[in-house]
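Have the sequence and the 3D view ready, and look up each residue as we get to it.

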Amino acid sequence: MFEFILVVYITKHSAPEYVGNFESCTHANVYVEKHYKNVHYTTCLHENYIYLPKDLIRRNIKTEIRLD
């Protein structure tokens, strides 16, 4: 299930940006480390605890977690 939402704040005063839905916050954080540089702030919340617009197009993102 992709029930965790990642929101990124690029700068201190920027509007929150919906990135996508992930299997867990760990998966979301791995995605941030791989795809974003110099991000001010990120937050990951369960979709039941965040307001999402009804017309939001859901983006399920599969991220591999390597255990080296």
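## Starting with one pair

Begin at phenylalanine 4: its bridge partner in strand S3 is histidine 46. Strands here (E, at least two residues) and helices (H or I, at least four residues) are DSSP runs, numbered from the N terminus.

A word on what you're looking at: this is a predicted model, where local features need pLDDT of at least 70 and side-chain atom pairs count only at pLDDT 80 or more, while totals for chains, interfaces and linings use all residues. Residues are numbered from 1 along each chain as its sequence is written, and side-chain values use heavy atoms, with hydrogens and water left out.

## The parts list

How many helices and strands does the protein have? The secondary structure comes to one helix and three strands. Read from the N terminus on, the elements go β-β-α-β.

## Building the sheet

Two strands pair if DSSP finds at least two bridges between them. S1 (residues 4-9) pairs with S2 (residues 17-22) in the antiparallel sense, over five bridges.

Put together, that gives an open sheet of three strands in the order S2-S1-S3, with antiparallel pairing. S2 and S3 are the edge strands, each pairing on one side only. From one strand to the next, the twist averages 20 degrees. Helix H1 (residues 25-35) packs on this sheet and touches S1, S2 and S3, and its direction makes about 155 degrees with that of S3. Those angles run from 0 to 180 degrees between N-to-C directions, with axes that are lines fitted to C-alpha atoms, for helices over the stretch in contact. As for touching, contact means heavy atoms within 4.5 Å.

Which residues of H1 are buried? They are His27, Ala28, Tyr31 and Val32. Seen down the axis of H1, the buried residues fall within an arc of 140 degrees, so they line one face of the helix. The arc is that of the directions from the helix axis to the C-beta atoms.

Buried means under 20% relative accessible area, exposed over 50%, and partly exposed in between (1.4 Å probe, protein chains only).

Zoom in on histidine 27 for a moment. With a relative accessible area of 15%, histidine 27 is buried. Leaving out residues up to four places away in sequence, histidine 27 touches Phe22, Thr63 and Ile65.

Is glutamate 23 buried, partly exposed or exposed? Glutamate 23 counts as partly exposed, at 27% relative accessibility. You'll find glutamate 23 in the loop between S2 and H1. Glutamate 23 and phenylalanine 2 are 21 residues apart in sequence, yet 4.4 Å apart in space, C-alpha to C-alpha. Not counting residues up to four places away in sequence, glutamate 23 touches Met1, Phe2, Phe4 and Lys62.

Next, hop to the loop between H1 and S3, where asparagine 38 is found. Asparagine 38 has a positive phi of about 60 degrees although it is not a glycine. In general, most residues other than glycine have a negative phi. Asparagine 38 is exposed, with a relative accessible area of 76%.

Glutamate 64 has its place in the segment after S3 and counts as exposed at 59% relative accessibility. The C-alpha atoms of glutamate 64 and histidine 13 are separated by 31 Å, and the two residues are 51 apart along the chain.

## Stepping back

Finally, zoom out. Along its principal axes, the C-alpha trace spans about 40 × 30 × 20 Å. Of the 68 residues, 28% count as buried. Among contacts between residues at least 6 apart in sequence, 61% join residues at least 24 apart.
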